[in-house]
Amino acid sequence: MTAHWSDSQAKTAAVRGKIIQADEPRAKTVRYDSKSGRIVVDLANGCIFAFPARRVQGLENADTADIAAVELAGAGFALHWPGPDVDISLSGLMNGVFGAKSWMRELARRAGQSRSPAKAAAARENGQKGGRPRKAG
């Protein structure tokens with residue numbers, strides 16, 4: 001079944017499209033930087049945005065060749081990886097959203113488990129102060 005738009009609906013859609021193109025971040029080019037492991041996006045407004053490719057849901061275990069095959073999608077408002085069949089919006093990425101809520105929770109859980117000299121020193125210092133305060137019950 002084919003949907004038919006009225007003239008007013010078509011005009012409204014055209015106005016919304018122009019607003020989105022003016023306000024939303026839109027990619028001009030995209031490439032994979034193998035040295036840093038990052039996807040580098042040149043935006044239409046002249047800015048550059050980069051992010052770690054393997055943080056994107058669906059790319060965590062992808063082959064490097066599949067990650068490097070990144071393409072622009074949706075008139076530059078999204079990125080697409082054909083091999084693993086991953087699509088993600090550019091505005092979401094720029095807001096730190098690398099996948100579904102469950103994926104984002106998993107990334108946060110992993111970050112909380114990470115070890116670093118600074119984290120170890122903070123734990124030792126906290127332990128010298130008596131550790132975590134007990135929960136009020």
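**Which residue in β6 does L79 stand opposite?**

In this predicted model, L79 stands opposite I88 in β6.

## The chain as a whole

Five helices and six strands make up the secondary structure of the chain.

Along the principal axes, the C-alpha atoms fill a box of roughly 70 × 45 × 35 Å. Of the 137 residues, 22% count as buried. Among the contacts with a separation of 6 or more, 39% are between residues 24 or more positions apart.

## Strand β5 and its two partners

Find strand β5, residues 78–81, in the structure. A78 and H80 point one way from this strand, while L79 and W81 point the other way, and all of them are buried.

On one pairing, β5 meets strand β4 (residues 71–73) in the antiparallel sense, over three bridges. Here L72 has L79 as its bridge partner in β5. On another pairing, β5 runs antiparallel to strand β6 (residues 86–89), and four bridges join them. This is where L79 stands opposite I88.

The hairpin of β4 and β5 has four residues between the strands, and in it G74 takes a positive phi near 55°. A75 lies in the loop between β4 and β5, and has a positive phi of about 60° although it is not a glycine.

The hairpin of β5 and β6 also has four residues between the strands. D85 is found in that loop, with a positive phi of about 55° although it is not a glycine. Why point these residues out? Most residues other than glycine have a negative phi.

In soluble globular proteins, nonpolar side chains tend to be buried together. In this model, the largest nonpolar core has 23 residues, and those with the most contacts inside it are I39, V41, F51, L79 and W81. Several elements give two or more residues to this core, namely β1 (27–33), β2 (38–43), β3 (48–52), β5, β6, α3 (90–94) and α4 (101–113).

What is W81 in contact with, leaving aside its neighbours within four places in sequence? The list is I39, F51, L59, D66, I67, V70, V86 and I88.

## A cluster of rings

There are two aromatic pairs. In one of them, the rings of F51 and F98 have centres 6.3 Å apart and planes at 50°, so the pair is tilted. This pair links distant parts of the chain, since F51 is in strand β3 and F98 is in the loop between α3 and α4, 47 residues apart.

Both F51 and F98 are buried. Ring pairs join F49, F51 and F98 into a cluster. A charge belongs to this picture too: the charged end of R55 sits over the ring of F98, 5.4 Å from its centre.

Notes
Residues numbered from 1 in each chain as written. Predicted model: local features only at pLDDT ≥ 70, side-chain atom pairs only at ≥ 80, totals over all residues. Heavy atoms only, no water. Buried < 20%, exposed > 50% of the residue type's maximum accessible area, 1.4 Å probe, protein only. Pairing = 2+ DSSP bridges. Core = buried A, V, L, I, M, F, W, Y, C linked by side-chain atoms within 4.5 Å. Contact = heavy atoms within 4.5 Å. Phe/Tyr/Trp six-rings, centres within 6.5 Å; stacked < 30°, edge-to-face > 60°. Lys NZ or Arg CZ within 6 Å of the ring centre and 35° of its normal.
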